[in-house]
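Subject: A structure for you to explore

Hi there,

Here is the structure I promised to pass on to you.

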Amino acid sequence: MDRDRKAPSGAALPGNSPTGQVVGGLLMVVLFAARLMWRADRSRLLVTIGLQVVSAAGLGLAVLALRGTLQHAMPSGHEVPAGASLPALLPGIAALVVLAALNGIVGIVRDAQQRVLSIKVEREALGQVLRVTACAEPYQFEDPDFHNRVERALFASRTKPLVLLFTALSLLQAVLSTVAVAVAFATMVWWLAPLLVVATVPTVRTAKRVRQARHEVHRELAENRRVREYLSRLVTGRREAQEVHALGLGPLLLQRWRARYEHDVNRQTELNRLLLWRQLAARGLSDMIVVVALGGLAAAAYTESISLATALTALAGLWMLSTHVRNAGAMVASAGDTVLYLNDLRSLTSQDTPLSPAPGSAPALRSLSTRDLWFCYPGSAEPTLRGVTVDLPAGQVIALVGHNGSGKTTLAKILAGIYPHDRGELLLNGRTPEDRAHLRELSTVVFQDFLRYQLSVTDNIAFGRPGAPVDHDAVRRAAQRAGIDTTLRDLDHGYDTVLGKEFAQGTDLSVGQWQHLALARAFYRDAPLVVLDEPTASLDPQAEARLLAHIRRLFTGRTVLLISHRLHSVRDADHIYVLDHGTITEHGTHQELIARHGQYTNLFHTQAAGYLTAPPQSVPSATLNGTARTPA
């Protein structure tokens, strides 16, 4: 169970030369992006690529049609009277009109398909990042490099996969379209400009309405996205990692995140379906105006007001304006760093680690112990635990005491299966456990910095057993045992009340009430090993006294590891271990430790002096606030 080696921060690029490395890295990233989109929605990806090919083919056919028309109209290479050759030009002109209309329709449908595909690709990419963090070891969240890699991968997952794949196709179309437009407008007649402006009005107006509609949907889905981001933070955050992994909440939170995303995808798909018809109608109206412009060109050519070559060139320029050159420019501008961002995403998610299910049957807890156990946080020069040996017999209350930073919480995390140790032995029932998941299944942990889930009251308690259906009766019994049931029932929506002010209609609790709720979660989990890390830190003195007085009754039949720096909280424990700078300095019962006059005795008397009206007999007389006092 020694700690696994940390994954490298980046993936190596193949090739022996710098050029080979760049080409190899680009190829790997392109293949990764293609696989990502294939997994997101293979049918929509194929449709989108097919529409790109159709659009490019339409451009080629249009150029060929234009060339054939010119050759037919001027077989000898010289201009001929327009009226004499107009009947022969009509098939070519009709073909260009049809190609332009079809290209516009293809572009609108392609954009609608690509928009939905982009949402699904984002969901797939983000899902892979969240899967990595849900499966990561909690100690990795102590490593800044891991957080940097996750942050870069999250950024890359949102837009970069689509940019890379479609940039190449857009570049090809952009080059051809730009050349054609430049040639056409260099020879365009002046009176064509007003018609071109009028032709853009329907699409511009529709585009404005489309933006407004999308903005409204964006506002409508804002809270859904914020809930989604909150669930994402629960899976990826450093502070949240210890409790999420201790309770095994990763799969449940990931499931809820997916459900929120599914709602977003469905709403966006519905919106795009509605807007598609509006865009098609606007495009049809614009095409009708273009047809009028084409009629003007034909009339001018027929009356010889302009040359036939000028009319045909203007026709080509008019058609070329309907392409998506403006979008290609933006894509090219962002393509430079796309490969780097996608390589961050690929390197983080290159190993598809499945979510580990909870073990089917964990062994019964008869004893839990360590022998010469050592632990050092990543990046730390000094170990946090040094040769620690402790024993936790079943059914007993074992206390860990010591100064802040002495290693109490770290040891508790190792005993609960959250952190792996570096060396030494961790024994469950006298044997090394096969998997830390068994330790997590056997334990429930109430951390001093427990999470306050901005979700319903029921969720906050039922998260104690995320793999099982919610037992509402057990939820209320757990709240009653924790002394918080009355407060919860008095909330506006009872156990359905959303806690916290981050979301609509949320209600916050006091610090002490939140701690009662964390205890209720521990009761609901009903595990044989209960780790209480400063469980009374936020409780008032009366609530603290009640909890400490009834801790054996509340956790009957369970092994309790009680961590506290308040020694009056642990005096009734079956056994007390004193930690100092990661080392067990002494252990025994309260009476045994007091009798030794060691570190525990000094700590106890130091704290007790604050509750006495006069110093104890062993403390010499002193002058306090200018008043001489004698020992009691």
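Below is what was found in it, from the whole chain down to single residues.

Some ground rules come before the tour. The model is predicted, so local features need pLDDT of at least 70 and side-chain atom pairs count only at pLDDT 80 or more, while totals for chains, interfaces and linings use all residues. Residues are numbered from 1 along each chain as its sequence is written, and side-chain values use heavy atoms, with hydrogens and water left out.

**The whole chain**

The protein chain has 20 helices and eleven strands. Both kinds of element are DSSP runs numbered from the N terminus (helices are H or I with at least four residues, strands are E with at least two). Of the 632 residues, 49% count as buried; buried means under 20% relative accessible area, exposed means over 50%, and partly exposed is in between, with a 1.4 Å probe and protein chains only. Contact means heavy atoms within 4.5 Å. Among contacts between residues at least 6 apart in sequence, 75% join residues at least 24 apart.

Three strands make an open sheet in the order 2-1-4, with antiparallel pairing. Two strands pair if DSSP finds at least two bridges between them. Strand 2 (385-393) and strand 4 (423-428) are at the edges with a single partner strand each, so one side of each has no neighbour in the sheet. From one strand to the next, the twist averages 5°. For angles like this one, axes are lines fitted to C-alpha atoms (for helices, over the stretch in contact), and the angles run from 0 to 180 degrees between N-to-C directions.

Strand 1 (residues 367-375) pairs with strand 2 over six antiparallel bridges, and Leu368 has Leu392 in strand 2 as its bridge partner. Five bridges join strand 1 to strand 4, also in the antiparallel sense. There, Trp374 stands opposite Arg423 in strand 4.

Where is Tyr377? Tyr377 lies in the loop between strand 1 and strand 2, and it is buried, with a relative accessible area of 17%. The side chains of Tyr377 and Thr410 are joined by a polar contact of 2.7 Å. A polar contact is a pair of N or O atoms within 3.5 Å; within protein, one must be able to donate a hydrogen and the other to accept it, and residues adjacent in sequence count only if both atoms are side-chain atoms.

Another open sheet has six strands in the order 5-6-7-3-8-9, and its pairing is mixed. Strand 5 (443-446) and strand 9 (583-588) stand at its edges, each with a single partner strand, so one side of each is left without a neighbour in the sheet. Here the twist averages 15° from one strand to the next. Strand 6 (residues 529-533) and strand 7 (residues 559-563) run parallel and are joined by five bridges; Asp533 stands opposite Ile563 in strand 7.

Helix 11 packs on this sheet, touching strand 3 (397-401), strand 6, strand 7 and strand 8 (575-580). Helix 11 (residues 408-415) also lies across strand 1, strand 2 and strand 4, running at about 60° to strand 2. Helix 20 (residues 599-609) lies across strand 3, strand 8 and strand 9, at about 95° to strand 8.

**Nonpolar cores**

A nonpolar core is a set of buried Ala, Val, Leu, Ile, Met, Phe, Trp, Tyr and Cys residues joined through side-chain atoms within 4.5 Å. Which residues touch the most other members of the largest nonpolar core? They are Ile461, Leu488, Leu532 and Tyr600, in a core of 46 residues. Helix 16 (residues 511-525) gives the most to this core, with eight residues. Apart from it lies another core, of 43 residues, among them Val121, Leu126, Ala153 and Leu247.

Helix 7 (residues 250-302) has 53 residues and reaches 74 Å from its first C-alpha to its last, close to the expected 78 Å. That expected span is 1.5 Å times one less than the number of residues.

In helix 2 (residues 82-135) you will find Thr133, which counts as buried at 0% relative accessibility. Leaving aside neighbours within four places in sequence, the contacts of Thr133 include Phe141, Val235 and His245.

Enjoy exploring!
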